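Hello,

Here is the model I promised to pass on to you. My notes on what turned up in it follow below.

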Amino acid sequence: MAPARDPRQPQLPLDPMPSRVEPCLALLASQPPIGRDWSFEVKWDGYRLAVHVEPQGVRILTRGGHDWTHRFPGIAAAAKALDVSTLILDGEAVVLDAEGRSDFGALQQALGGRSGKRAAGEALLYAFDLLYLDGMDLTGMALAERRHLLESLLSGQTGEVRLSEEIEADGAALLKIACQHGLEGIIAKHRDRPYRSGRQGDWVKIKCVRSESFAVIGYEPSTAMRGAIASLLLAARRGKDLVFVGSVGTGFSQDAARALKVRLDTLEISAPAATLPADASNRLVFARPDLVAEIEFRAWTSDGRLRHAAFKGLRDAADVGAVLEI
């Protein structure tokens, strides 16, 4: 177990501070893993951020590497006030509802809506990993050691940067409680693993209702409502390619159905960005896969299509890296 950090410690040889660390991503699973090697946390529903405290100031980067420091001034100020010279925090920016649950819609509204430019002063960062601290690269350490240092750093913090608590519990029991309280789900992390970028299986997410981000590659026009969509065409990533995973025709209001058509018409292209089934409608309109939709669904079909899909909202363009990889 790593010792608690001592700010009085004399200067040690420094590890170069990376300008960006590609985030570790969680694999979707239907059930929590079993065993003492796994720790559990609440799954926050917000924007994944990396907070860099550097000699020249604070930088806040989105999952895709976009600089959003100006959009989270409270988080930036709280990070700057921490008793450190340099650090990189990995966490999730959220806006909490009256019950203390993260509310993705409220966060988007705080930012001015999709493609908005507002600063979300009410956003908090729940930090769940520590990648660099006072000149030391921590990514090669086991998660348990990184968490020990993170807890030492953020213990008692109640401002805009807070600790995402590790919960000692049976995974299945914790998931049941999380779902009963209206949370999105839980995250399981292997205690002994270093921080590895991408989906390596070291982190696993288990959701109360499955939801993932998909690229929007077109739409089918509505025959019942003029100037609106009937459904969106969705695709996931497979390597550098996009793979069609079906369509979604529920979850949006009439106003949203019209607004989506207007937006997608500006992205129209002549051929689909992913191969469609041979029996696909000839009324489809194809679009560049620039938009990312958050979709709730129950399961996958045997031929790789979404079952009982519902539209939850558009992710921000900066979150294009969130498109599910299958």
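A word on terms first: helices (H or I, at least four residues) and strands (E, at least two) are DSSP runs, numbered from the N terminus. This is a predicted model, in which local features need pLDDT of at least 70 and side-chain atom pairs count only at pLDDT 80 or more, while totals for chains, interfaces and linings use all residues. Residues are numbered from 1 along each chain as its sequence is written, and side-chain values use heavy atoms, with hydrogens and water left out.

Let me begin with two loop residues. Asp134 sits in the loop between strand 6 (124-133) and strand 7 (136-137). Its phi is near 45°, a positive value in a residue other than glycine. Most residues other than glycine have a negative phi. His308 counts as exposed, at 55%.

Now the cavities. The whole structure holds three of 30 Å³ or more. On a 1 Å grid over the protein atoms alone, a cavity is a set of points where a 1.4 Å probe fits but cannot get out, and lining residues have an atom within 4 Å of a point. Grid points are joined across faces, edges and corners, and a volume is the space filled by probe spheres set on the points.

The largest cavity has a volume of about 460 Å³. Its lining has 28 residues, with Lys43, Arg48, Arg63, Glu92 and Lys205 nearest the centre. By type, the lining has nine nonpolar, four polar and 15 charged residues (Ala, Val, Leu, Ile, Met, Phe, Trp, Tyr, Cys and Pro count as nonpolar, Asp, Glu, Lys and Arg as charged, and the others, Gly among them, as polar). Strand 2 (38-42), strand 9 (185-190), strand 10 (203-207) and strand 11 (210-221) each supply at least two of the lining residues.

The second largest cavity, of about 110 Å³, is lined by 15 residues, and Val21, Pro23, Leu49, Ala50 and Asp90 lie nearest its centre. Strand 3 (47-54), strand 4 (57-62) and strand 5 (87-94) each give two or more residues to this lining, and strand 3 gives the most, with four.

Strands 2 and 9 run antiparallel and are joined by five bridges (two strands pair if DSSP finds at least two bridges between them). Within this pair, Glu41 has Ile187 as its bridge partner.

Asp45, in the loop between strand 2 and strand 3, is buried at 10% relative accessible area. Its side chain makes a polar contact of 3.1 Å with that of Lys312 (a pair of N or O atoms within 3.5 Å; within protein, one must be able to donate a hydrogen and the other to accept it, and residues adjacent in sequence count only if both atoms are side-chain atoms). Glu294, in strand 15 (residues 285-297), is buried at 5%, and its side chain makes a polar contact with the side chain of Ser211 (3.3 Å).

Best wishes

Key. 1 Å grid on protein atoms, 1.4 Å probe; cavity = no way out; pocket = protein on both sides within 12 Å on 5 of 7 lines; lining within 4 Å. Buried < 20%, exposed > 50% of the residue type's maximum accessible area, 1.4 Å probe, protein only.
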